[in-house]
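Here is a quick walk through one protein model, from its loops to its sheet and cores. Have the structure open while you read.

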Amino acid sequence: MQIKNIMIDQSLKELTEHRTVELPVACYETTINHNIYGYIPLHWHDELQFVYIVRGEALFQINDEEMVIREGGGLFINSGCLHMAEDWNDTRCTYICLNVSPQFVLPKELHASYVYPYIQATNVPYYFLSPSESFGKDILDAIIKINQCIEKKPPRYEVDISVMLTFIWRSIVSNTPQIENDQKENISYQRIKRMLNWIHQHYTEKIRLEDIAKVGQLSRSETCRYFKRMIKTSPLSYVIEYRIQQSLDLLRRPESNVTEVAYQVGFNSTSYFIDKFSKSMNMTPLAYKKNQLEQGTNSEGVYIPADGI
């Protein structure tokens, strides 16, 4: 199954339902530049995430760290960690994404000792999974097998998936000899999430740096340093980029026009919106709208909304 639109709410929490009918597990393929934004935007979720790169290369950001993952490699991303992904070098990167509820990786009697401490550990935001090392290769092989099980649904596949997830989690625990829980670091990430959440709730309004700093209980300069370190951009540049993200779905609607969309997402000038949109998306809003309407029309000429019919 191919997932194109990774939907997130105002707190950056992903809204994709990470489960099949039978299991609190989701496994699907994603081609990064097929996403509505052209990349996977910054978000987080409670589920554990395992990634296997099927084709191409991807630039991932997990919390404040960046890394390029190439074909055949992968990642483990811990619960609650902010992350995003971009296609690297125009390679049309496609990856298998396995999302698992932490409650499902081991029996509940073992959670207090072998699950909760690890998903709360500040020294385990992610692991790079290398196919050349036994730790990484074993987990990557298990991701592929779980994906095949969910697609083909052989007899007792649910049991097979449960066994493989236990194996994967045992590998993660075994590879983490000592866990750490840095309260200062926890506070930092909760603070950035709080500021981002506020932006997402107020992006249609006039936003000043002072407003964002007040939410984070920081000075203006410290707020800028926070964003540069954790989000790799300035606070107000993030606001502009988020407004552009929000404009995309509006532009896909046949009845919309560029000026109305500009004001709906918080820009107070159509020309400024067009300028910022063009720099971000490498095309004007009108060109994007025409392109999306052409792609969203079926053979009978009937418009199909972004979320299908």
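In which loop is Asn282 found? Look between helix H10 (270–281) and helix H11 (285–295): Asn282 is in the loop that links them. Bear in mind that this is a predicted model.

**Two residues with positive phi**

Asn282 isn't a glycine, yet its phi is positive, at about 60°. Asp90 is another non-glycine residue with a positive phi, about 55° in this case. You'll find Asp90 in the loop between strand S7 (83–87) and strand S8 (94–100). Are these residues buried or exposed? Asp90 is exposed, with a relative accessible area of 67%, and Asn282 is exposed too, at 69%. Here they are side by side:

| Residue | Phi | Relative accessible area |
|---|---|---|
| Asp90 | about 55° | 67% |
| Asn282 | about 60° | 69% |

**The sheet**

Now turn to the strands. Five of them make an open sheet, and reading across you get S1-S8-S3-S6-S9, with antiparallel pairing. Strand S1 (25–31) and strand S9 (126–129) are the edge strands; each has a single partner, so one side of each has no neighbour in the sheet. On average, neighbouring strands here are turned by 15° against each other, ignoring direction.

Zoom in on one pair. Strand S3 (residues 48–55) and strand S6 (residues 74–77) run antiparallel and are joined over four bridges. In this pairing, Phe50 sits opposite Phe76 in S6. Which helix packs on the sheet? That's helix H4 (residues 157–174), which touches S1, S3, S6, S8 and S9. The direction of H4 makes about 100° with that of S3.

**The nonpolar cores**

How many residues does the largest nonpolar core have? It has 58, and the ones with the most contacts inside it are Phe60, Leu75, Tyr95, Ile192 and Phe227. Helix H8 (residues 235–251) supplies the largest share of this core, with eight residues. There's also a second, separate core of 35 residues, and Leu140, Ile146, Cys149 and Ile161 are among them.

Leaving aside residues up to four places away in sequence, Tyr95 touches Tyr28, Glu29, Thr30 and Ile32, along with Ile40, Val51, Tyr52, Ile53, Val54, Phe60 and Ala85.

Notes:
Residues are numbered from 1 along each chain as its sequence is written. This is a predicted model: local features need pLDDT of at least 70, side-chain atom pairs count only at pLDDT 80 or more; totals for chains, interfaces and linings use all residues. Side-chain values use heavy atoms; hydrogens and water are left out. A nonpolar core is a set of buried Ala, Val, Leu, Ile, Met, Phe, Trp, Tyr and Cys residues joined through side-chain atoms within 4.5 Å. Buried means under 20% relative accessible area, exposed over 50%, partly exposed in between (1.4 Å probe, protein chains only). Helices (H or I, at least four residues) and strands (E, at least two) are DSSP runs, numbered from the N terminus. Contact means heavy atoms within 4.5 Å. Two strands pair if DSSP finds at least two bridges between them. Axes are lines fitted to C-alpha atoms, for helices over the stretch in contact, and angles run from 0 to 180 degrees between N-to-C directions.
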